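Hello,

Here is the structure I promised to hand over. My notes follow below it.

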Amino acid sequence: MILAIETSCDETSVAVIRDGCVLANVVASQIQLHSEYGGVVPELATREHLRNLLPVARAALAQAGATLPDVSAVAATRGPGLPAALMAGFTSAQALAFVLGRPLFGIHHHEAHLYSPWIGGEPARAQFERFEPNVSLIVSGGHTLLVHVRGELDHVVLGGTLDDAAGECFDKTAKLLGLPYPGGPVLDRLAGQGNPAAFDFPRPMLADDGHDFSFSGLKTSVRYFLEKRPGLADDPQALRDVCASVQAAIVEVLAAKTVRAAKWLGVRCVTASGGVTCNSALRRELAARCSKRGFDLRLADPAFCTDNAAMVGILAERKLRAGHAPTAFDQEIKPGWALAA
Ligand code: KG4
Ligand code: ZN
């Protein structure tokens, strides 16, 4: 049984994993706390993690019907993330592993996202029997990465964003439109009643054959667009049309480049995870493009798209099965940890 902790940003999460099954995945979100500041405030995030960690851990153990002596390994996100936020979860995991005399898996947050599309429904163990090489898109408020997962625990980063993350582009554009934080889900909802072809926003780096992204120019073009049309966002239908048009631009770039990378690598499976994978247009666009090419598509379940400890625990279990046995003594947090090959 693995007890996993995730505190890299603004979700405090503890999961209990046994034999490939997620017995519990409790998440305390801090969105409400940070919304009045329009973004995550690191100091507040850390305090909130410290406040929430033990109640969340107790709830996860109770839900799993487990007690601490049942835990055979501990896992926690080691990086990348907000330094003090990581420290809150990781040092707790270290102490627990030390006291229980169990291995401690310090997990890379992005590597955990890579495995989240394989969680849910049936036990992950059964899902991993069907594991196939894939191209994985990780899109959230903090990261945008395209990764070639050559096999289990074997991946190469293809590209990433040169500036803003995709979720950041959603959030900053939504802010320009006067929508509340985090703007991504609100923009998605309004876009559902808008015309995606109403306005033509740029598709940054779509024509570029590489695997990198860039979203800050798109956000700036929305700002200039609105400056030239004062009051436009006060018209409800025009607002929905702008939302749909911006969303279409972000989604086309993400989906087209992901599927193009899979084709280029000769990979027949595409996966996606991270908060932006909740976006309804992105899910539709990836599904349409993958079905056209005959590719398998595995989208993380919305419950496992946003940050969660289940993905941390599932990855730790795969590492445990592969024979890794790291101790609590030889690791420390790595806030700027890049996902290596
Ligand atoms: O993975 P996540 O919970 O946290 C990190 O940033 O690590 O992702 C949050 C991001 C935010 O930028 C949020 O606006 C975006 O995911 N997001 C969405 C949607 N749901 C969440 N963006 C677009 N459409 C959505 N439905
Ligand atoms: Zn994340």
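**Zinc site and sheet**

The zinc ion (ligand 2) has four protein donors: His109 (NE2), His113 (NE2), His143 (NE2) and Asp307 (OD), lying 2.2 to 2.7 Å from it. Donors are N, O and S atoms within 2.8 Å of the metal (3.2 Å for Na, K and Ca); water is not among the atoms, so sites may look incomplete.

This is a predicted model: local features need pLDDT of at least 70, side-chain atom pairs count only at pLDDT 80 or more, and totals for chains, interfaces and linings use all residues. Residues are numbered from 1 along each chain as its sequence is written, chains are lettered from A and ligands numbered from 1 in the order written, and side-chain values use heavy atoms, without hydrogens or water.

Angles among the 4 donor atoms run from 91 to 164°, and the site is irregular. The donor spacing in sequence is H-x3-H-x29-H-x163-D.

His109 is buried at 1% relative accessibility. His143 is buried too, at 13%. Buried means under 20% relative accessible area, exposed over 50%, partly exposed in between (1.4 Å probe, protein chains only).

Now the sheet. It is open, with 5 strands in the order β3-β2-β1-β4-β5 and mixed pairing. Strands are DSSP runs (E, at least two residues), numbered from the N terminus; two pair if DSSP finds at least two bridges between them. β1 (residues 2-6) and β2 (residues 11-18) run antiparallel, joined by 5 bridges.

Definitions and conventions: Helices (H or I, at least four residues) and strands (E, at least two) are DSSP runs, numbered from the N terminus. Four donors count as tetrahedral if all angles lie between 85 and 135 degrees; four count as square planar and six as octahedral if opposite donors are over 155 degrees apart and all others between 65 and 115; anything else is irregular.
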